[in-house]
Amino acid sequence: MTIIDSVSKTGLLSLLFVGLQQLPVFADLSESLLKQWDFSPPDNGQPTQREGAATRAPCLPKKHQLTALVPQSGKGLTAQAYPTFFWYLPETTAEKLKFTIRDREKVTIYSIEYILPPTNKTRIMSLSLPIFADSQSLKIGQEYNWRLQLFCQQDSDTPVTSVEGYVERVLTQADLSIKLENASLTNQLIVFAEARLWYETLLTLVKLRSSFPNNSEYDSAWLNLLDSVNLKEISQDSLNAEINLN
């Protein structure tokens, strides 16, 4: 008797179904995500400069500028108390970058300076808000402003360009954790996109692209995501950028 003979048809179908559930979703990933790329929370009424202004600074290129990776409104949602922020850094000889996040009262809750290593590559850079005392975490229902400033020299106090974005921590539906439980990274990406959690979606997609650098589905998803928030100008260039995931 073969193994198949010893399993009922119903049992065999069940085994096949469970097996398929464990497989990563590759074939229809772009199609699934394209229907869910909608990151447009209500406008906060504040002008947001997510792309650096044109400048003649010798350390900056003419083609592309420093860009905060946020939706077109400038504001993205998160469910995390300590989210991860991303930005696009073009080829540059700038030596220092400063990150600052402030609450609605313009009180700085965290600030740090980066010394940038020399490189001739474009970069997707990130910063995860470090876990400090609870007073430093993002509060549910509150909006925060984060800003990047770029300096040509390490000892300079005058930035050559700056960009900013907004983040609001929201209370998610109770079933979100159920959907995420035991889900693969690919399926987590779809869950986050459905919930319109920009910062979680972006982080998960960066993780997938970093783990599977030759997967065309994740590359397509990345291009589609940036295009959907009107960052088409840098989307293709960022596809081959060096990923710095902190």
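## Helix 5

In this predicted model, the buried residues of helix 5 are Trp-198, Tyr-199, Glu-200, Thr-201, Leu-202, Leu-203, Thr-204, Leu-205, Val-206, Leu-208 and Arg-209. Because 11 of its 14 residues are buried, helix 5 is largely enclosed by the rest of the structure.

The helix comprises residues 198-211. From its first C-alpha to its last it reaches 20 Å, close to the 20 Å expected at 1.5 Å a residue.

## The largest pocket

The volume of the largest pocket is about 290 Å³. Two or more lining residues come from each of helix 3 (176-180), helix 4 (185-194) and helix 5. Helix 5 gives the most, with five residues.

In total, 21 residues line the pocket, and those nearest its centre are Gln-80, Phe-192, Glu-200, Leu-203 and Thr-204. Glu-200, Leu-203 and Thr-204 are also among the buried residues of helix 5.

Ser-156 belongs to the loop between strand 7 (143-151) and strand 8 (161-169). Its relative accessible area is 15%, which is under the 20% limit for a buried residue; Ser-156 is therefore classed as buried.

Apart from neighbours within four places in sequence, Ser-156 is in contact with Lys-96 and Phe-151. A polar atom of the Ser-156 side chain lies 3.1 Å from the backbone nitrogen of Thr-158. Glu-95 is 61 residues away from Ser-156 in sequence, while their C-alpha atoms are 9.5 Å apart in space.

Methods
Residues numbered from 1 in each chain as written. Predicted model: local features only at pLDDT ≥ 70, side-chain atom pairs only at ≥ 80, totals over all residues. Heavy atoms only, no water. Helix = DSSP H or I, 4+ residues; strand = E, 2+ residues; numbered from the N terminus. Expected span 1.5 Å × (residues − 1). Buried < 20%, exposed > 50% of the residue type's maximum accessible area, 1.4 Å probe, protein only. 1 Å grid on protein atoms, 1.4 Å probe; cavity = no way out; pocket = protein on both sides within 12 Å on 5 of 7 lines; lining within 4 Å. Points joined across faces, edges and corners; volume = space filled by probe spheres on them. Contact = heavy atoms within 4.5 Å. Polar contact = N/O pair within 3.5 Å; in protein donor to acceptor, adjacent residues only side chain to side chain.
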